[in-house]
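This report covers a structure with its sequence. Read it next to the coordinates.

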Amino acid sequence: MMEEQDRKRIILTLRWTAIIVTSYLILFGRGRVTDLQLSHLLIAGYLLSNVLLTFLPKKWFSNSKFFYPLVIFDTGIVSFGMYLSEKMTIDFYLVFFLIIIFASISRNFKLLMVIGGITALLYGVLLYSWGLLITENGSSYTLRIPFIFIMTAFYGYIVQTLTKEKHQELTISEDKYRGLFENANEGIIILRNPQWQIVDVNREVEKASGFTKEELIQKEFLDLFTPEEIEKTRDYFKEVAEKGEARADSLSLKKKDGTFLEVDLSTKRIDLGDEPFYQVIIWDLTKQRRLEKKIRESKRNLEAIFDGIRDQLSLQAPDYEILRVNKAVIENYQKTYQELIGRKCYEVYYQRSVPCERCPVSVTIETKQPASSIMKFSERNGALQIFSYPILDEKGSLLSVIEYVKDITEEQRLQEQLIQSEKLAGIGTLASGVTHEINNPLSGIIGMAEIALEEEEPSKNKEYLKDILNCAQRIGEIVKGLKSYSRAAKKEDLSPVDLNDVLEESLKMVRLAIKTTSVEVIKKFQPIEKIQANVGEVQQVFTNLINNAFQAMDGKGGKLILSTRSLKDSVEVKVSDHGMGIPQKYLSQIFDPFFTTKKPGEGTGLGLNIVYRIVTKYEATIDVESKEQVGTTFTIKFPKRRDE
Amino acid sequence: MGKKILVADDEEVIRKFLRIHLAKLGYEVKEAADGEQAMEQLGKDDFDLLICDILMPKKDGWEVIKEVKTNPKTKNIPVIVLTAKNEDSDMFKGYDLGVNYYMTKPFTKGQLLYGLKLMLGETQEAIRT
């Protein structure tokens with residue numbers, strides 16, 4: 001681009017030099033000048049022209065339409081100047097036109113300057129040998145030599161600038177075309193009429209046909225087709241020649257290895273210079289078909305997976321419109337596919353006019369995140385777990401939602417059973433403790449009764465009977481406690497429960513079994529809201545935790561702290577002990593089923609797992625903090641009832 | 001002066017009827033409501049027999065028995081365990097510690113007196129009663 005900037009300056013400079021040498025030529029070779037005024041006018045005009053040129057915009061100097069008149073103007077002025085100069089001879093004119101010819105045919109500026117220099121030198125030698133340089137008009141002749149040189153540079157520069165411009169334009173357009181041509185995804189062949197000879201092919205053609213570019217160039221394109229198709233192809237090219245463009249479908253192209261390539265052709269005439277060429281675009285149908293087949297296959301696979309899943313799957317638009325359902329849905333609702341598609345899910349699945357509450361699909365539509373929730377249906381005594389997953393486009397906006405519905409009725413039933421059987425196992429471990437607790441008052445009853453039988457003083461018997469009654473009442477209490485524990489945890493059996501009461505009762509229960517009196521029990525109960533729950537289940541949670549706390553402090557002693565308080569959205573229950581603590585490495589596993597550190601026979605490994613199951617069933621959370629040899633704290637937060 | 005018996009049990013009613021029974025038979029009865037009290041009594045007095053519960057506050061029966069049976073001064077005192085712990089493993093543990101007679105609750109007066117007299121070397125009398 002520097003050249004662009006400098007072009008105006010160079011031309012102006014060259015012209016100044018030309019003006020100076022022309023002026024000198026006229027003025028110093030005067031002698032024979034007939035009209036001095038005309039000479040001055042010419043020089044002034046020439047000078048003025050260059051001054052005017054300085055005001056023209058730079059852009060003009062790169063325009064050939066400006067150059068040609070300039071060159072003609074300069075040639076005219078210089079020729080006239082030469083005529084005005086004294087003793088003008090034919091030889092000088094000849095040399096002048098010779099350099100114009102040199103300049104116009106030369107493409108190499110340096111070479112031209114060498115030629116200009118040699119010409120000037122030869123002419124100088126010629127003038128010298130004629131003895132013209134040492135006459136009284138010698139200065140006029142001498143000036144001719146730089147004049148020749150300067151004019152060569154002037155014309156040479158202009159001609160070279162013009163040729164370069166044209167050349168540059170061509171290179172740019174060719175580069176552009178070459179890039180498109182070589183990188184095209186389709187095969188492209190350039191042909192030349194009349195024989196439809198191949199002039200050029202791109203890489204895609206080489207790849208598809210197996211031939212190299214060198215093997216294809218100069219070949220006739222029609223030779224690449226099978227004999228059966230030559231006629232068809234010939235007709236096609238006849239049409240191309242007439243209309244300038246045409247398309248052909250499903251032709252078989254012979255590959256190098258003898259196999260065939262099924263292609264579509266689209267040919268168009270392009271003009272690259274004087275001769276028309278034809279550009280043939282080749283679509284490899286085999287490739288296309290392969291892709292189509294792959295897409296079809298993957299579609300079929302996805303459909304098979306979608307339909308093959310035994311749980312209900314449906315694809316829904318962000319406005320809950322059902323886009324697609326699998327067989328499980330159709331079977332479950334006993335409707336046809338067409339009856340379901342296009343309808344809103346809540347209408348067809350649940351006969352509602354608005355989306356269901358706590359529907360995970362709503363959550364996914366809102367957050368674009370997967371969601372899940374459990375829905376219970378009391379009329380069928382069933383439960384469904386619904387998962388929803390978002391399908392996003394590349395920009396991250398929601399295209400659709402997959403709703404996955406799993407019937408967990410059976411699972412829930414099994415879980416209930418598991419809770420129940422753990423409870424029974426708990427009763428088993430309680431039993432030995434309870435035996436002790438019952439045997440003590442029982443021994444009292446037997447002992448006192450025996451004494452009473454032997455007693456001859458009836459007044460004393462009253463005291464013994466009181467003792468017997470006391471013992472019997474204690475046994476009654478214990479049995480009552482056991483009964484509340486074994487009460488079946490039925491699902492429907494929800495009632496408002498005061499957790500403080502349940503904690504108290506649970507503590508009593510555990511104390512029946514474990515008679516460690518070295519443990520100090522501290523109760524920090526605050527008045528708390530009742531929660532909706534099954535007493536038996538909550539008691540199961542608390543007895544498990546309290547029992548663990550006692551066991552943790554076995555033989556060591558310490559404090560068991562039971563505390564409750566009311567928080568903003570929840571009711572909190574804490575069970576803390578000063579026991580042996582849980583090793584850090586086990587903390588993540590304590591809620592896993594069958595995880596136990598107790599000896600075989602001492603624990604089922606289900607206790608805390610059941611605690612966890614029950615707690616999550618009430619949408620409560622349970623956290624554990626523990627430090628070895630310091631103690632453990634379990635914190636449960638039950639959500640407060642929403643309807644209160 | 002009858003033989004001296006120490007009854008260690010946290011259950012008041014049991015201590016009470018043992019006291020009544022044994023007093024009738026002419027024994028001198030001392031009581032302890034927990035393990036520590038029992039050890040205290042054993043330190044103060046010489047006893048001919050110890051009747052001991054296992055599950056007691058402060059110091060349980062196992063520890064009391066261990067201490068009694070390892071102390072040369074007291075190791076010859078016969079020990080009757082009177083407990084609600086009725087599993088075999090508990091009984092074996094008791095005999096291993098040196099318990100002389102293991103009896104589980106509930107029990108009758110006859111069972112108790114038989115064991116008692118057996119321990120005190122009054123077998124003939126026991127059978128006659």
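## A bridge between chains

Which side chains meet in a salt bridge at 2.1 Å, N to O? They are those of Glu454(A) and Lys109(B). A salt bridge here is a side-chain nitrogen of Lys or Arg within 4 Å of a carboxyl oxygen of Asp or Glu. The pair crosses between chains, from helix H15 (residues 409–454) of chain A to helix H5 (residues 109–119) of chain B. Glu454(A) is partly exposed at 31% relative accessibility. Lys109(B) is buried at 19%. Buried means under 20% relative accessible area, exposed over 50%, and partly exposed in between (1.4 Å probe, protein chains only).

## Basis of the model

This is a predicted model, in which local features need pLDDT of at least 70 and side-chain atom pairs count only at pLDDT 80 or more, while totals for chains, interfaces and linings use all residues. Residues are numbered from 1 along each chain as its sequence is written, chains are lettered from A and ligands numbered from 1 in the order in which they are written, and side-chain values use heavy atoms, with hydrogens and water left out.

## Chain A overall

Chain A has 644 residues, and 42% of them count as buried. It holds 19 helices and 17 strands. These are DSSP runs, numbered from the N terminus: helices are H or I with at least four residues, strands are E with at least two.

Contact means heavy atoms within 4.5 Å. Among contacts in chain A with a separation of 6 or more, 59% come from residues 24 or more positions apart. The chain exposes about 36100 Å², with 57% supplied by carbon and sulfur atoms. Accessible areas come from the Shrake-Rupley method with a 1.4 Å probe; for residues, only the protein chains shown count as cover.

## The interface

The contact takes 21 residues from chain B and 21 residues from chain A. Together the chains bury about 1900 Å², 56% of it on carbon and sulfur atoms. Buried area is the accessible area (1.4 Å probe) that two parts lose on being put together, summed over both.

The rule finds 5 salt bridges across this interface. In one salt bridge, Glu463(A) meets Lys16(B) at 2.4 Å, N to O. Helix H1 (residues 12–24) of chain B gives the most to the side of chain B that touches chain A, with 7 residues. By class, that side has 10 nonpolar, 3 polar and 8 charged residues. Nonpolar covers Ala, Val, Leu, Ile, Met, Phe, Trp, Tyr, Cys and Pro; charged covers Asp, Glu, Lys and Arg; the others, Gly among them, are polar.

## Salt bridges within chain A

Over all chains, the count comes to 32 salt bridges. One joins Arg234(A) and Glu231(A), with the closest N and O atoms 3.4 Å apart. Both lie in helix H9 (residues 227–243) of chain A; because they are 3 residues apart there, about one helical turn separates them. Arg234(A) is partly exposed at 40%, and Glu231(A) is partly exposed at 49%.

Asp569(A) pairs with Lys568(A), their closest N and O atoms being 3.8 Å apart. Both residues are exposed. Elsewhere, salt bridges that share partners join Glu182(A), Asp200(A), Arg203(A) and Lys213(A) into one network.

## A buried aspartate

Asp74(A) lies in helix H3 (residues 64–84) of chain A. Buried or exposed? Asp74(A) is buried, with a relative accessible area of 0%. Beyond its neighbours within four places in sequence, Asp74(A) is in contact with Arg15(A), Tyr46(A), Phe154(A) and Tyr155(A).
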